[in-house]
Amino acid sequence: MSTATRYPTGATQTAQKIGIVGAGQLGRMLALAGYPLGLKFVFLDKSADAPGGQVGAIIPGEFSDAQKLGELAAAVDVLTYDVENVPVEALGDIPRHKLFLPPVAALATGQDRLAEKNLFRELRIPTPKFRTVGSMPELEQAIQEIGYPAVLKTRRLGYDGRGQRLISSPAELGSAFNALGGVPLILEEFIAFEREVSVIGVRNRSGETAFYPIAENLHSDGILRHTIAPCVDKQLQKPAESYARRVMHHFDYAGVLTIEFFVRQGRLIANETAPRVHNSGHWTIEGAVTSQFENHLRGILDLPLGDTSALGYAAMVNFIGELPPPATVLAIAGAHYHDYGKQPRPGRKLGHATLVCKTRKQLLAQLRKLPGAVRT
Ligand code: AMP
């Protein structure tokens, strides 16, 4: 099949060069998935020793540097990103003359919790009650309407639990506001969830879609600790896919999209979207027929999407702050080890392990042996 004519640049499929804004572990895993397809990768990142640098050239620079973004765009056929904090203004008119996917509108929405929540409402996707907060009197008014407990979050640049405070009583209002204040905030209803799950969907430029089995995610201190897929709540698959499809259709999306949900009383409540490959999809590298990374590339290059079926049951455990010795992990049957090549620092994601087993029972037994795994 000749797909060369489908590329506006006129480049052949194998000559495609992909520019990735951000050279973190996600960018590195994208490149590792792309090399078998004959793709080449260039990154933009301020640190020359970022993980992507192990597998491609890095143009050193800030994501906010319009000139550096232009340099990256000029060097590649298609642009994508592995971070959500790329300032949309810095992109200027790049997305008008170069494929920049997933679309800028999805990136901009994912950067602002208010825009995200408004989109959920517009698309009739259930989400926690919320109010915008810009001042202490507004916070006092908002908490009257939402009630205790509630979660105060920065509208922008909050992830992995950063930029948020749980408020359980009036005494905590002032300290929470002072800790986060000075920037636009949002107050959300606290959801006493039974579990957290995520759906990962992918769409190519022709509009073909595919969805991975939903995964169950365990967070602590706001950081993902482990993921188990497929999730036991099979009845949530259909609504999760329907919600993801609505968001992708809305943006005329291409690439991988993630939506994280709380599950309360057996129903999905959307927390946030990520317009990119996601930590809760790392299990797909060994645990699904086609990984989220390969499918992201297929999506943005308008190639046919790969099979998203799970190859049994998989668990992914993040290594945060320190890496266990590879031999300890690899001695466990079904285990795979990923080291991102980052300098250890408390709270930093340094690598992960994936376990793939035939049954869920086997998986849970093996998971208990993995260093860093949270007891289930
Ligand atoms: P976020 O940065 O919004 O992804 O939040 C990080 C984690 O904090 C989530 O995965 C939840 O475990 C918890 N969390 C955030 N918002 C809420 C909420 N409204 N209700 C209960 N837990 C929350």
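Trainee: Is Thr109 buried or exposed?
Mentor: This is a predicted model, and in it Thr109 is buried, with a relative accessible area of 14%. The cut-off for buried is under 20%.

Trainee: Where does Thr109 lie, and what is 2.9 Å from a polar atom of its side chain?
Mentor: Thr109 is part of helix 4. A polar atom of the Thr109 side chain is 2.9 Å from the backbone oxygen of Ala105.

Trainee: What is in the loop between strand 5 and helix 4?
Mentor: Pro102 is found in that loop. The peptide bond leading from Leu101 to Pro102 is cis, and its omega is near -5°. For background, most peptide bonds are trans.

Trainee: Which residues does the other cis bond, with omega about -15°, join?
Mentor: That cis peptide bond joins Tyr148 and Pro149. Pro149 sits in the loop between helix 6 (136-146) and strand 7.

Trainee: Changing topic to the ligand: which residues come nearest?
Mentor: There are 16 residues around the ligand, and those that come nearest are Lys153, Glu188, Ile191, Glu196 and Glu272.

Trainee: Which atoms of Glu188 and Ile191 lie 2.9 Å from a nitrogen atom of the ligand?
Mentor: For Glu188, a polar side-chain atom lies at 2.9 Å from a ligand nitrogen. For Ile191, a backbone N or O atom lies 2.9 Å from a nitrogen atom of the ligand.

Trainee: And which residue has a side-chain N or O atom 3.2 Å from an oxygen atom of the ligand?
Mentor: That residue is Asn271.

Trainee: How much of the ligand's accessible area does the protein cover?
Mentor: On its own the ligand has 470 Å² of accessible area, and the protein covers 92% of this.

Trainee: Which elements give two or more residues to the shell?
Mentor: They are strand 7 (150-154), strand 9 (185-189) and strand 15 (267-274).

Trainee: Why does the ligand lie between domain 2 and domain 3?
Mentor: The ligand lies between them because domain 2 (129-189) and domain 3 (195-367) both give residues to its shell.

Trainee: What else is in the domain assignment, and how far apart are the C-alpha centres of domain 1 and domain 2?
Mentor: The assignment also gives domain 1, spanning 17-102. The C-alpha centres of domain 1 and domain 2 are 34 Å apart.

Trainee: Let me turn to strand 4. Which of its residues are buried, and on which sides?
Mentor: Strand 4 (residues 78-81) is covered on both faces. Val78 and Thr80 are buried on one side, and Leu79 and Tyr81 are buried on the other.

Trainee: How does strand 4 pair with strand 1 and with strand 5?
Mentor: Strand 1 (residues 17-21) pairs with strand 4 in the parallel sense over four bridges. Within that pairing, Thr80 is the bridge partner of Ile20. Strand 5 (residues 99-100) also pairs with strand 4 in the parallel sense, over two bridges. There, Leu99 of strand 5 stands opposite Val78.

Trainee: Now helix 10. Why is it described as largely enclosed?
Mentor: Helix 10 (residues 292-300) has nine residues, and eight of them are buried, so the rest of the structure largely encloses it. Among the buried residues are Phe293, His296, Leu297 and Ile300.

Trainee: What follows helix 10?
Mentor: Asp302 follows, with a positive phi near 60°. Most residues other than glycine have a negative phi. Asp302 lies in the loop between helix 10 and strand 16 (313-320).

Trainee: Are Asp302 and Asp221 buried or exposed?
Mentor: Asp302 is buried, with a relative accessible area of 8%. Asp221 counts as exposed, at 70% relative accessibility. Asp221 also has a positive phi, near 50°, and is placed in the loop between strand 12 (215-220) and strand 13 (223-229).

Trainee: Lastly, what separation do the C-alpha atoms of Ala33 and Ile285 have?
Mentor: Those C-alpha atoms are separated by 8.8 Å, although the residues are 252 apart along the chain. Ala33 is in helix 1 (residues 25-34) and counts as buried at 16% relative accessibility.

Terms used
Residues numbered from 1 in each chain as written. Predicted model: local features only at pLDDT ≥ 70, side-chain atom pairs only at ≥ 80, totals over all residues. Heavy atoms only, no water. Near = heavy atom within 4 Å. Polar contact = N/O pair within 3.5 Å; in protein donor to acceptor, adjacent residues only side chain to side chain. Areas by Shrake-Rupley, 256 points an atom, 1.4 Å probe, with all protein chains shown as cover. Domains from an automatic or database assignment. Buried < 20%, exposed > 50% of the residue type's maximum accessible area, 1.4 Å probe, protein only. Pairing = 2+ DSSP bridges.
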